[in-house]
Amino acid sequence: MRNGRGDQEDAPGGSQVQSVDRALSILEILARHGELGVTEIAGELDVHKSTAFRLISALEAHRLVEQLGERGKYQLGFGVIRLAGATTARMSLPREGKQVCRRLAGELGETVNIAVLDGDAVINIAQEQGSSSITAQNWVGRRTAPHATSSGKVLLAWADEDELAAALGPRLERFTEHTITLNAMLNTQLMQVRELGWAYTTEELEIGLNAVAAPIRDSGGTVVGAITVSGPSYRLSAESFPEVAEKIMAGGAEISGRLGFQPA
């Protein structure tokens, strides 16, 4: 074992956490130095060159680092930019979406929200009340079940396998008699969401409450949020969904454009 942090993870039963820690340290080292070779990175980590190369290769596979031509030097890759862009987009959503939400709330007369996926829940981060809203129910900060909300269905439809696993358990909680509680049925609906470009719920979270939602994308095309309109079922009826969806999709596209997304 070398001095300092050593190469304990090379031995059988070594710490995977230590490997993750060292991989993250490589990103910090490259952020600090700009570009370095394997030997220099190994020296910074105080590990064998073979260990450093293995960690760099794993990061390179995820495009978090990249090699500079044939010079043997490495620098941070575009994967870091992609991750940073997704985080920046989520943080910018309330600011960039406020004007669009306010306009749609005025046009539709109903409450318009922006929501993001946060582990096993959807959390609302922005809201504008419509003129027809009877009560000023504040959804901002409220966590709701993704399978029972239109915004959640949008976010699940474009989620990766890890996000889906984190958001959905083996059993889907029932909130009303209309809540989808079978994963197979939900998966079928998520396929439909991807085809249509929008999602809906009919009294699935609360009796008398309907909603329609559309995706918001960041500059790289990743779905980072959902814009949704909700209202009482006697006003926001299932028959009105297609017309409302056109406006919500246009609003989502406008916010996406503000975040730098350019459709192909």
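Phe241 is buried in this predicted model, with a relative accessible area of 4%. Since a residue counts as buried under 20% relative accessible area, the value for Phe241 falls within that class. Phe241 belongs to helix α8, which covers residues 241–258.

A pair of aromatic rings is described by the distance of the centres and the angle of the planes. A search of the whole structure finds two aromatic pairs. Trp198 is buried, at a relative accessible area of 12%, whereas Tyr200 is partly exposed, at 25%. Tyr200 also pairs with Phe241, and this pair is likewise tilted, with 5.5 Å between the centres and 35 degrees between the planes. Tyr200 lies in strand β7 (residues 199–202) and Phe241 in helix α8, so their pair ties together parts that are 41 residues apart in sequence. Trp198, Tyr200 and Phe241 form one aromatic cluster.

Charged side chains also meet aromatic rings. Lys153 lies over the face of Tyr200, at 5.7 Å from the ring centre. Elsewhere, Arg217 lies over the face of Trp158, and here the distance from the ring centre is 5.2 Å.

The next topic is a pair of helices. Helix α2 spans residues 38–45 and helix α3 spans residues 49–61. Their axes come within 8 Å and cross at roughly 105 degrees. Because of this angle, α2 is roughly perpendicular to α3; the class covers angles of 65 to 115 degrees. Which residues of α2 and α3 meet? From α2 come Val38, Thr39, Ile41, Ala42 and Leu45, and from α3 come Lys49, Ala52, Phe53, Leu55 and Ile56. By class, this contact consists of eight nonpolar residues, one polar residue and one charged residue.

Val38 leads on to Lys73. The two residues are 35 residues apart in sequence, yet their C-alpha atoms are 7.2 Å apart in space. Lys73 lies in strand β3, which covers residues 73–76. Is Lys73 buried or partly exposed? Lys73 is partly exposed, with a relative accessible area of 25%. When neighbours within four places in sequence are left aside, Lys73 is in contact with Glu35, Leu36, Gly37, Glu40, Glu66, Gln67 and Leu68.

Terms used. Residues numbered from 1 in each chain as written. Predicted model: local features only at pLDDT ≥ 70, side-chain atom pairs only at ≥ 80, totals over all residues. Heavy atoms only, no water. Axes fitted to C-alpha atoms, helices over the stretch in contact; angles between N-to-C directions. Helix = DSSP H or I, 4+ residues; strand = E, 2+ residues; numbered from the N terminus. Parallel < 35°, antiparallel > 145°, perpendicular 65-115°, else oblique. Contact = heavy atoms within 4.5 Å. Nonpolar A, V, L, I, M, F, W, Y, C, P; charged D, E, K, R; others polar. Phe/Tyr/Trp six-rings, centres within 6.5 Å; stacked < 30°, edge-to-face > 60°. Buried < 20%, exposed > 50% of the residue type's maximum accessible area, 1.4 Å probe, protein only. Lys NZ or Arg CZ within 6 Å of the ring centre and 35° of its normal.
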